[in-house]
Amino acid sequence: MSDTLLLGAHMSIAGGVSTAPARGEELGCTAIQIFTKNANRWDAKPLSEEEISSYVEEMSKTSIKSVVAHDSYLINLCSPVDELLEKSRSAFLIEMERCEQLGIPALVTHPGSHVGSGEDVGIKGIAASLDWLHENFHGSTAKVALETTAGQGTNLGYTFEQIASMIEQTKDSDRLVVCLDTCHIFAAGYDIRTEATYNDTIEKFDKVIGLDKLACIHMNDSKFEFGKKKDRHEEIGDGFIGLEGFGFIMNDERLKAVPKVMETPKGDDGKSQDIINLKKLRLLLK
Ligand SMILES: [Zn+2]
Ligand SMILES: [Zn+2]
């Protein structure tokens with residue numbers, strides 16, 4: 001196993017996906033997350049051969065060792081509205097294909113919102129969409145990373161059991177991994193502020209989902225207090241989780257090989273706060 005710390009942040013793709021590697025390199029990232037298209041729109045121009053090869057070339061010039069993608073916020077893999085479900089599935093398939101084209105191993109997604117149909121129906125629907133995806137996606141490497149959510153509104157995936165249930169109900173579950181978001185789990189009622197609560201949370205994750213499934217950690221502090229089910233990211237150490245909680249993650253041998261990326265406010269210039277927050281995390285290393 002490599003000793004490289006895999007740490008970084010979500011990077012903008014303004015100007016095209018090939019612009020992201022240099023942005024990450026400038027901040028000293030060894031891991032980044034990107035959108036492969038505009039996250040607030042359904043449609044996207046297919047990636048051109050030039051854009052793909054330029055992305056690969058730009059990436060090779062950097063020290064970035066790990067990239068994950070995040071899907072569009074419009075996608076709901078368990079929408080009870082047929083038209084939206086269909087739209088979500090095909091948009092998600094296209095995003096998986098873009099990951100495959102760019103050599104990105106995992107596409108992080110908020111599993112879905114049941115919008116009143118009920119949690120069990122929603123979870124079943126997510127598994128059905130993942131089955132659909134696996135049948136229609138013929139890429140060989142890219143995997144779906146189900147992200148733990150804060151449990152806002154009717155969002156599913158706010159307990160480890162719900163994520164485990166989605167995995168269990170999906171036929172080809174080897175093609176699924178998980179992304180743990182610190183702000184989201186904290187909002188959902190998993191504490192990480194003390195050594196005891198942190199270890200309890202990680203042990204629960206291991207028991208219910210399995211640490212072998214953990215493909216990415218989103219390092220976000222929380223603007224809201226513990227258990228409020230509110231998804232509002234705060235800069236590292238400035239929220240209700242606090243620096244100590246992030247210290248446990250940074251120094252946890254079990255999580256050493258897992259890429260850690262922030263999705264925190266970047267500052268007006270799009271980077272100065274990232275620089276500060278990444279430094280705070282590095283300083284926590286013992
Ligand atoms: Zn997310
Ligand atoms: Zn996240």
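How many strands form the closed barrel, and with which pairing?

## Barrel

The closed barrel has 8 strands in the order β1-β2-β3-β4-β6-β8-β9-β12, with parallel pairing; strands are DSSP runs (E, at least two residues), numbered from the N terminus, and two of them pair if DSSP finds at least two bridges between them. Neighbouring strands of this sheet are turned by 30° against each other on average, direction ignored.

Within the sheet, β2 (residues 31-34) pairs with β3 (residues 66-70) in the parallel sense over 4 bridges. Ala31 has Ser66 of β3 as its bridge partner. Helix α9 (residues 272-283) packs on the sheet, touching β1 (7-10) and β12 (260-262), and its direction makes about 150° with that of β1.

## Basis of the model

The model is predicted: local features need pLDDT of at least 70, side-chain atom pairs count only at pLDDT 80 or more, and totals for chains, interfaces and linings use all residues. Residues are numbered from 1 along each chain as its sequence is written, while chains are lettered from A and ligands numbered from 1 in the order in which they are written.

## Helix α5

Helices are DSSP runs of H or I with at least four residues. In α5 (residues 160-169), Phe160, Gln162, Ile163, Ser165 and Met166 are buried (20 or more other C-beta atoms within 10 Å of the residue's own, C-beta atoms being placed from the backbone). These buried residues pack against α4 (119-136), β6 (143-147), β7 (155-156), β8 (176-181) and α7 (195-208).

The axes of α5 and α7, lines fitted to C-alpha atoms over the stretch in contact, come within 9 Å and cross at roughly 20°. The two helices are therefore roughly parallel (angles under 35 degrees). Phe160, Glu161 and Ala164 of α5 meet Lys204, Phe205 and Val208 of α7, contact requiring C-beta atoms within 7 Å.

Conventions. Buried ≥ 20, exposed ≤ 12 C-beta atoms within 10 Å, placed from the backbone. Contact = placed C-beta atoms within 7 Å. Axes fitted to C-alpha atoms, helices over the stretch in contact; angles between N-to-C directions. Parallel < 35°, antiparallel > 145°, perpendicular 65-115°, else oblique.
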